[in-house]
Amino acid sequence: MNINRFILRLVSFRKWVFVLNLLAFILFSTLTLGTGYIVSRIFQNLTGDINYFGINVLLALILGIAIGRIILNVVCVYSWAILNFAYLALIRSNLLKRMTNQKKSKLSSKSSGELLNVFRDDANAVIDYLEYWVDGSAAFVYTLVALTVMFTIDPMITMVIIIPITIILVLVKYYNKKVERLYSESREATGAVTGFIGEAFSTVHAVKVASAEKNIVDHFVKLNEERKRISIKSTMLQSLIRTANTNVSDIAIGVILMLVASSLRNGTFSVADFVLFTTYLVQVSGSISEMGGFAAIKKSAEASLKRMNQVIPDHHPGELIEYGDVFMSGSLPPVVELDKKQEDILETVEINELNFQYPNSTNGIKNINLTLKRGSLTVVTGQIGSGKSTLLQVVLGLLRKDSGEIKWNNSVIDDPNTFFIPPRCAYTPQVPNLFSETIRDNILLGQTVEDEKLQDVLRLAVLEKDIDNLENGINTVIGARGAKLSGGQIQRVSIARMLMTNSELYIFDDISSALDLETEQTLWSRLFDESDSTCLAVSHRKPTLQRADQIIVLKEGEISAIGKLEDLLHSSEELKHIWFKDHNTTNEMKIKEVGESD
Ligand SMILES: Nc1ncnc2c1ncn2[C@@H]1O[C@H](COP(=O)(O)OP(=O)(O)O)[C@@H](O)[C@H]1O
Ligand SMILES: [Mg+2]
């Protein structure tokens with residue numbers, strides 16, 4: 001979508017406030033011309049040329065204009081504040097909604113720092129461009145009116161002074177490009193110097209061993225010389241441009257003085273006209289210079305719009321300004337909590353011919369078929385890299401499937417990403433994300449629940465002893481990403497958060513990577529003995545595999561075996577391998593014993 005169409009659509013979102021803002025700002029800017037005009041009339045009075053009004057009336061008019069401009073200023077600032085925040089909120093909420101709905105593989109190629117920049121700076125850049133429309137329109141009207149007035153007074157002089165102003169401003173624009181280039185060169189040169197300092201520090205030992213101190217210093221001097229050369233050039237040019245820019249109106253006034261010296265003497269150009277020309281010129285050159293910045297700001301807004309769209313490649317660019325609610329005052333709307341409906345009660349989840357491949361890679365999952373029944377535990381197992389996490393994420397819609405279908409109670413789910421959410425389904429990732437808040441806040445995520453329910457959940461997640469041992473119990477602040485907790489505690493807080501949702505299906509990724517054997521065992525006993533859960537879990541632990549109603553053995557993204565433990569221990573080499581490799585268990589079991597125990 002082209003940036004101007006984007007801006008037009010954005011503007012229409014708060015059309016009348018925008019029109020008010022635009023008119024107020026144009027009037028605010030153009031009214032100063034009135035002041036200039038009156039001042040020139042005062043001079044006319046003083047020189048006794050013509051006498052329309054008394055000085056007092058003219059002064060009162062100036063005061064009136066000043067008061068009018070103050071009022072307009074308030075209107076401008078207030079309406080712009082409304083527009084600025086409403087537009088930003090619209091863009092950002094659209095962006096956020098679609099980012100969270102985006103294929104994970106596409107989002108994760110950007111760091112969170114980059115994403116934040118897109119959110120903050122790129123949204124701002126688009127609004128800056130819009131602001132430029134307002135400023136530019138005002139500058140345009142101002143210039144037009146001023147030049148017309150000047151032209152009616154003396155067309156010749158007006159033409160003559162506009163030419164040097166234009167030339168200077170064009171030159172300034174031309175050299176501005178050069179300044180930009182020099183600026184980026186100087187940044188590179190500085191980067192080379194600081195980069196070299198970093199490398200020199202980290203290789204002190206190697207430098208000493210090779211007796212290369214002198215060479216290192218020489219190279220450092222050389223890099224610095226280059227940096228100095230470019231910096232001086234760049235600073236010099238910048239100062240020159242600033243000088244030309246700020247003095248362009250003075251130069252024009254000088255030109256007028258030379259031109260009108262004789263006309264002033266013979267009276268065809270009055271002192272009042274001279275005053276009018278000089279006051280208008282200062283601002284006309286400012287306005288022309290302001291309009292000259294248009295191209296650069298437009299380019300930067302275009303780049304920003306592109307970056308925002310790149311973050312949500314699955315969506316149409318126009319969705320970025322889809323109109324919706326923005327909440328600028330009062331309390332925020334309550335978070336919508338989904339009620340569990342009859343059809344949400346899980347009977348079966350059926351997965352047919354599910355396929356997914358990471359972009360530009362042969363990794364993924366292939367031809368996955370499986371069924372989860374209410375109240376059952378399905379354990380996904382397999383070697384590292386066999387596709388266990390991928391499988392869970394495709395089911396959850398965090399990665400978008402290439403083909404296949406997922407059915408919930410026999411109805412096909414079109415968009416797993418929006419369907420597999422509480423209270424239907426909840427998930428604990430392999431690496432849980434916690435906030436640097438209290439354990440309570442991390443589990444509740446803003447919900448209010450009865451204490452009894454919270455205690456139940458803490459017990460189910462095998463967290464109650466850990467909490468008792470913490471100084472502030474459940475109100476302990478856990479530090480950045482849970483720094484104050486052990487890996488196992490982080491995992492269990494995340495599990496508690498998941499259980500808090502009271503979902504029909506719980507999905508656990510790689511539960512055994514952070515939990516010890518006993519805790520994992522306790523977790524399953526409590527979950528299945530004390531609640532009616534349906535679980536899909538990645539684990540390789542013996543007690544978990546023993547408890548499983550079905551085991552899915554993954555190998556290179558495909559199901560290599562599926563069934564109960566005792567059958568698979570006979571039939572699946574892959575499972576045997578996993579079973580016997582796991583020495584991390586207190587009661588080593590033999591295949592025979594498993595068979596007997598059942
Ligand atoms: N974003 C990605 N792009 C390409 N390959 C990936 C990506 N993420 C994971 N993989 C690869 O896919 C395979 C399965 O990964 P994963 O599901 O995480 O394995 P597991 O959870 O069984 O250890 C691995 O070979 C892994 O390296
Ligand atoms: Mg994994």
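## Ground rules

Because the model is predicted, local features need pLDDT of at least 70 and side-chain atom pairs count only at pLDDT 80 or more, while totals for chains, interfaces and linings use all residues. Residues are numbered from 1 along each chain as its sequence is written, chains are lettered from A and ligands numbered from 1 in the order in which they are written, and side-chain values use heavy atoms, with hydrogens and water left out.

## Around ligand 1

Which residues are around ligand 1? They are Tyr358, Ser361, Asn363, Gln383, Ile384, Gly385, Ser386, Gly387, Lys388, Ser389 and Thr390. To be near the ligand, a residue needs a heavy atom within 4 Å of it. Sorted by class, that shell has two nonpolar, eight polar and one charged residues. Here Ala, Val, Leu, Ile, Met, Phe, Trp, Tyr, Cys and Pro count as nonpolar, Asp, Glu, Lys and Arg as charged, and the others, Gly among them, as polar.

Some polar contacts show up too (pairs of N or O atoms within 3.5 Å; within protein, one must be able to donate a hydrogen and the other to accept it, and residues adjacent in sequence count only if both atoms are side-chain atoms). An N or O atom in the side chain of threonine 390 is 2.4 Å from an oxygen atom of ligand 1. Glycine 387 has a polar backbone atom 3.0 Å from an oxygen atom of the ligand, and asparagine 363 has a side-chain N or O atom 3.3 Å from a nitrogen atom of ligand 1. On its own, ligand 1 exposes 570 Å², and the protein buries 63% of that. Accessible areas come from the Shrake-Rupley method with a 1.4 Å probe; for residues, only the protein chains shown count as cover.

## Glycine 387 and helix H11

Glycine 387 sits in the loop between strand S3 (377-382) and H11. Helices (H or I, at least four residues) and strands (E, at least two) are DSSP runs, numbered from the N terminus. Glycine 387 is buried, at 10% relative accessible area. Buried means under 20%, exposed over 50% and partly exposed in between (1.4 Å probe, protein chains only). The C-alpha atom of glycine 387 is 6.6 Å from that of glutamate 556, although the two are 169 residues apart along the chain.

How many residues of helix H11 (residues 388-396) are buried? Nine of the nine are, so the helix is largely enclosed by the rest of the structure. Among them are Lys388, Ser389 and Thr390, which also belong to the shell around ligand 1. After H11 comes glycine 397, with a positive phi near 85°.

## Helix H20 and its faces

Helix H20 (residues 573-581) has the buried residues Glu574, Leu575, Ile578 and Trp579. Looking down the axis of H20, these fall within an arc of 130°, so they line one face of the helix. The arc is that of the directions from the helix axis to the C-beta atoms. Exposed Glu573 and Lys581 are on the face turned away from the buried side. As background, an α-helix has 3.6 residues a turn, so residues three or four places apart point the same way.

## Cysteines

How many disulfides are there? The count is zero, taking a disulfide as a pair of cysteine sulfur atoms within 2.5 Å. Cysteine 425 is in no disulfide, and its nearest cysteine sulfur, in cysteine 535, is 10 Å away. For cysteine 535, that 10 Å to the sulfur of cysteine 425 is too far for a bond. Cysteine 425 is buried at 1% relative accessible area, and cysteine 535 is buried at 1% as well.

Most residues other than glycine have a negative phi, and most peptide bonds are trans. Asparagine 367, in strand S2 (residues 364-373), has a positive phi of about 45° and is partly exposed at 38%. Asparagine 502 has a positive phi near 55°; its place is the loop between helix H16 (487-499) and strand S7 (505-508), and it is partly exposed at 45%.

The peptide bond from proline 422 to proline 423 is cis, with omega near 5°. Proline 423 is in the loop between helix H12 (416-419) and strand S6 (425-428).
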